[in-house]
Amino acid sequence: DWIAERKAIRAVRSHWEQLAGVASSVGDPRSTVTMVEFMDYQCPACRAARDAVDSLTRQVLVRVAVRHLPFVMLHPRARDAAIASICAEAAGIFPAYHDLLLSSDEWQDSAGPWAAMALAAGAGDTVAFNVCLAGDEPVERLRADSILAELIGVRSVPTFLTHERVLPGLPSNSELIKLAR
């Protein structure tokens, strides 16, 4: 409803620096236009949104900051995938790792392929990556993402945000382009 959307937009504006300030992103990192996506790597709609996001980043100079909101009751491996992608951010390989998580289903059935995926994404040091996986930092980041989602009122994934709009659900290419402009 309109009132809930206005409240969400006010929350987005008041937390924008924190929302958009994450290094986990796709698109052009130098762009002055930033959009935020809350997502879950096992969510079918999030995986389907990949095509719209790819199309957007090819057509519009935009940076899409990725925030994690894994629904572990439905997607038991989503939390581990989010933690691995946060470690990929720390290793400087987030875009390639993010793409691997969204394009491959193998990780959903195997126990901990995270370091092998980091190598495939271009990491030179899986020791540091594994230390990150075992650390508290990615868990704290997930907690922070969850708190931000709650403050804004994100109830489903994917949800896309700008200063002006909150777009829940699977967007079309044209909806994302309109949101970014």
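Guide: Fine. This is a predicted model. Take Phe129: its relative accessible area is 2%, so it counts as buried, the cut-off being under 20%.

Visitor: Which helix is Phe129 in?
Guide: Phe129 sits in helix H7, which covers residues 126–134.

Visitor: How many aromatic pairs are there?
Guide: Two aromatic pairs are counted. In one of them, Phe129 is paired with Tyr97.

Visitor: What is the geometry between Tyr97 and Phe129?
Guide: The pair is tilted, with 45 degrees between the planes and 5.7 Å from centre to centre. Tyr97 belongs to helix H5 (residues 94–103), 32 residues away from Phe129 in the chain, so the pair links distant parts of it.

Visitor: Is Tyr97 buried or exposed?
Guide: Buried, because its relative accessible area is 0% and the cut-off is under 20%.

Visitor: And the rings of Trp107 and Trp114, how are they placed?
Guide: Their centres are 5.7 Å apart and their planes meet at 45 degrees, so this pair is tilted. Trp107 and Trp114 are both buried.

Visitor: Changing topic. Where is His75?
Guide: His75 lies in the loop that runs between strand S3 (63–68) and helix H4 (78–90).

Visitor: Buried or exposed, that His75?
Guide: His75 counts as buried, with 13% relative accessibility.

Visitor: What does His75 touch?
Guide: Leaving out residues up to four places away in sequence, His75 touches Asp40, Gln42, Cys43 and Pro44.

Visitor: Now the whole chain. What secondary structure does it have?
Guide: The protein chain has nine helices and five strands. In sequence order the pattern reads α-α-β-β-α-β-α-α-α-α-α-β-β-α.

Visitor: How much of the chain is buried?
Guide: Of its 181 residues, 49% count as buried. The protein chain exposes about 9,100 Å², and carbon and sulfur atoms supply 54% of that area.

Visitor: What share of the contacts join residues at least 24 apart?
Guide: 76%, among contacts between residues at least 6 apart in sequence.

Visitor: Last one: how many charged side chains, positive and negative?
Guide: There are 18 positive and 22 negative side chains in the protein chain. The centres of the two sets are 7 Å apart.

How values were computed: Residues numbered from 1 in each chain as written. Predicted model: local features only at pLDDT ≥ 70, side-chain atom pairs only at ≥ 80, totals over all residues. Heavy atoms only, no water. Helix = DSSP H or I, 4+ residues; strand = E, 2+ residues; numbered from the N terminus. Buried < 20%, exposed > 50% of the residue type's maximum accessible area, 1.4 Å probe, protein only. Contact = heavy atoms within 4.5 Å. Areas by Shrake-Rupley, 256 points an atom, 1.4 Å probe, with all protein chains shown as cover. Lys, Arg positive; Asp, Glu negative; His and termini not counted. Charge placed at Lys NZ, Arg CZ, Asp CG, Glu CD. Phe/Tyr/Trp six-rings, centres within 6.5 Å; stacked < 30°, edge-to-face > 60°.
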